[in-house]
Amino acid sequence: MVNTAYDTAGQTPAASPWAAVGVSAFDELLYQAILNQPDAGAAGWALLTGASPGRVREACNRLLTLGLLQPPDSMGGLRAVDPRVAIRALIRRRETESELLAATAEEMATAYEAGLLREEPSRLVEVASGEGAIAARLEEMYARAEHEVCLFDTPPYLAPAGPQVDLQADLLSRGILSRGIYSATGLEDPKILSRAFRMVELGEQARVLPSVPLKLLVVDGCRALLPLTASAAGGYCAVVVWHSAVTEALQKLFELAWQQAAPLGQAVDAGGLSESERTLTRLLAAGMKDEAVARHLGVSLRTLRRRVSELQERLGAASRFQLGMRASQRGWV
């Protein structure tokens, strides 16, 4: 048996499957001879293959290295390894080598991209002007996400939130990790707060800061979208930044903010709490000011503070901080 076959339709040589695991045509022929005549020895295998004893010995050494033969022992000379075991081991080895090669390709691609940027720095950024162009880039970036999407969410909101909500929902349904940091001032808008809680329900990991430095979307740590200018008249544009030191810095900025932000959760297993109390615990966890919380609940500041005081008393909390901690421990937020 040789290491090539012929395509009967076109009469062109076709590679043997053995070639995929690094076995040459002669090594395959010798291995078949050893399987058929295991006791023939090197001289007999040379006759079977029509090769010199020296060539057979060299091929046997290669088959030993590949794990297709067992070395001589006290019971006798070379023996073939069960092909079912040996071939599976060869396949696993090749798979490992392929994975290492793929990792090397990623490293080389980084050097390749860096070279392109040095040659033509304008490749680093792409400017998108107008709502339609920005929406198209946003959709493309969400579609290309493979591992994680990180975003800063803060006012002003110059475009409808609906399309981005749909993109995030689709992202989460694909099992992509999504982390968002919301501005507390933005969450004072009931629509924005409702959207944030909706994303948490869908699986987004959300946190809150009193303020967020800028709007930002980072995909897989290597592509970023952020605004350049904005105006109430709608003349706004954004920039897409490709993998570079800039995107790495933006990812680090997000991670630093993530460490400082407070979790934005939804009330779960909040035994004994009313619906308004569950809402209250979530709003307090978001770090919102009393005035904003009161507006969301439709109550006066006096009523709000009374309700907060009652919750503190129920949990034995001496401060709002303790209230938030104990509510979190009980799974209320």
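This report walks through an open sheet and the helices around it.

The model is predicted, so to speak of local features pLDDT must be at least 70, side-chain atom pairs count only at pLDDT 80 or more, and totals for chains, interfaces and linings use all residues. Residues are numbered from 1 along each chain as its sequence is written, and side-chain values use heavy atoms, leaving out hydrogens and water.

Helices (H or I, at least four residues) and strands (E, at least two) are DSSP runs, numbered from the N terminus. Eight strands build an open sheet with mixed pairing, in the order β5-β11-β10-β9-β6-β7-β8-β12; two strands pair if DSSP finds at least two bridges between them. The edge strands, each pairing on one side only, are β5 (125-129) and β12.

| Strands | Sense | Bridges | Example partners |
|---|---|---|---|
| β6 (residues 148-153) and β7 | parallel | six | D153 and Y182 |
| β7 (residues 177-183) and β8 (residues 205-209) | parallel | five | Y182 and V208 |
| β8 and β12 (residues 262-263) | antiparallel | two | V208 and A262 |

Together, β7, helix α7 (residues 190-202) and β8 make a right-handed β-α-β unit: with the strands pointing away from the viewer, the path from the first strand over the helix to the second runs clockwise.

Elsewhere, the axes of helix α1 (residues 25-36) and helix α3 (residues 53-66) come within 10 Å and cross at roughly 90 degrees. Axes are lines fitted to C-alpha atoms, for helices over the stretch in contact, and angles run from 0 to 180 degrees between N-to-C directions. The two helices α1 and α3 are therefore roughly perpendicular (65 to 115 degrees).

Definitions and conventions
Angles under 35 degrees count as roughly parallel, over 145 as roughly antiparallel, 65 to 115 as roughly perpendicular and the rest as oblique.
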